[in-house]
Amino acid sequence: MNISSAIIHARPGDVAIVQAGLTSLAGVEIHAVSPEGKLIVTIVTEDDGSNVATYELIGQLDGVMSAAMVYHQTESEPDKEI
């Protein structure tokens, strides 16, 4: 499992559009939104490929100017280990 956090910078006036887009993505949770259009989110995915795909989708959302990963952690799943 991958857990990461990111700061998303929305274009002025597009914060609501970006919020709607982020909430439609699986594993993405919004924790804070500033008046300047910066959003703090966490992203939980199953693997590295899904994590990368989610960041790519975030970058393609209307109104997103940038997305910067702040933290990343990979946790093993003991019930799946041999």
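How many helices and strands does the chain have? In this predicted model, for which local features need pLDDT of at least 70 and side-chain atom pairs count only at pLDDT 80 or more, while totals for chains, interfaces and linings use all residues, the chain has two helices and four strands, where helices (H or I, at least four residues) and strands (E, at least two) are DSSP runs numbered from the N terminus. Residues are numbered from 1 along each chain as its sequence is written, and side-chain values use heavy atoms, with hydrogens and water left out. Read along the sequence, the elements follow the pattern β-α-β-β-α-β, and the C-alpha trace spans about 50 × 20 × 15 Å along its principal axes. Of the 82 residues, 30% count as buried, a term that denotes under 20% relative accessible area, as against exposed at over 50% and partly exposed in between (1.4 Å probe, protein chains only). Among contacts (heavy atoms within 4.5 Å) between residues at least 6 apart in sequence, 67% join residues at least 24 apart.

The four strands form an open sheet in the order E2-E3-E1-E4, with antiparallel pairing, two strands being counted as paired if DSSP finds at least two bridges between them. Strand E2 (28-33) and strand E4 (64-74) are the edge strands, each of which pairs on one side only. Neighbouring strands of the sheet are turned against each other by 20° on average, direction ignored; axes here are lines fitted to C-alpha atoms, for helices over the stretch in contact, and angles run from 0 to 180 degrees between N-to-C directions. Strands of a sheet pair through backbone hydrogen bonds, either parallel or antiparallel.

Strand E1 (residues 2-10) pairs with E4 in the antiparallel sense over nine bridges, and with E3, likewise in the antiparallel sense, over eight bridges. Ser4 has a bridge partner in E3, namely Ile43, and stands opposite His72 in E4. The pairing of E2 with E3 is antiparallel over five bridges, and Ile30 stands opposite Val41 in E3. E2 and E3 form a hairpin with four residues between them, and in the turn Gly37 has a positive phi of about 95°.

Helix H2 (residues 48-60) lies across E1, E2, E3 and E4, and runs at about 160° to E4. With 13 residues, H2 reaches 19 Å from its first C-alpha to its last, close to the 18 Å expected at 1.5 Å a residue, the expected span being 1.5 Å times one less than the number of residues. The buried residues of H2 are Asn51, Thr54, Tyr55 and Ile58. Seen down the axis of H2, these buried residues fall within an arc of 100°, so they line one face of the helix; the arc is that of the directions from the helix axis to the C-beta atoms. The cover over the buried residues of H2 includes E1, H1, E2, E3 and E4.

Asn51, in helix H2, is buried, with a relative accessible area of 5%. Leaving aside neighbours within four places in sequence, Asn51 is in contact with Asn2, Ser4, Ile43, Thr45, Met69 and His72. Among these contacts of Asn51 are Ser4 and Ile43, which are bridge partners of one another.

Not counting residues up to four places away in sequence, Val18 touches Ile8, Ala10, Leu39, Leu61, Asp62, Gly63 and Val64. Leu61 lies in the loop between H2 and E4 and is buried, with a relative accessible area of 18%. With the same exclusion of residues up to four places away in sequence, Leu61 touches Val18, Gly21, Leu22 and Leu25. The C-alpha atoms of Leu61 and Pro12, which are 49 residues apart along the chain, are separated by 14 Å.
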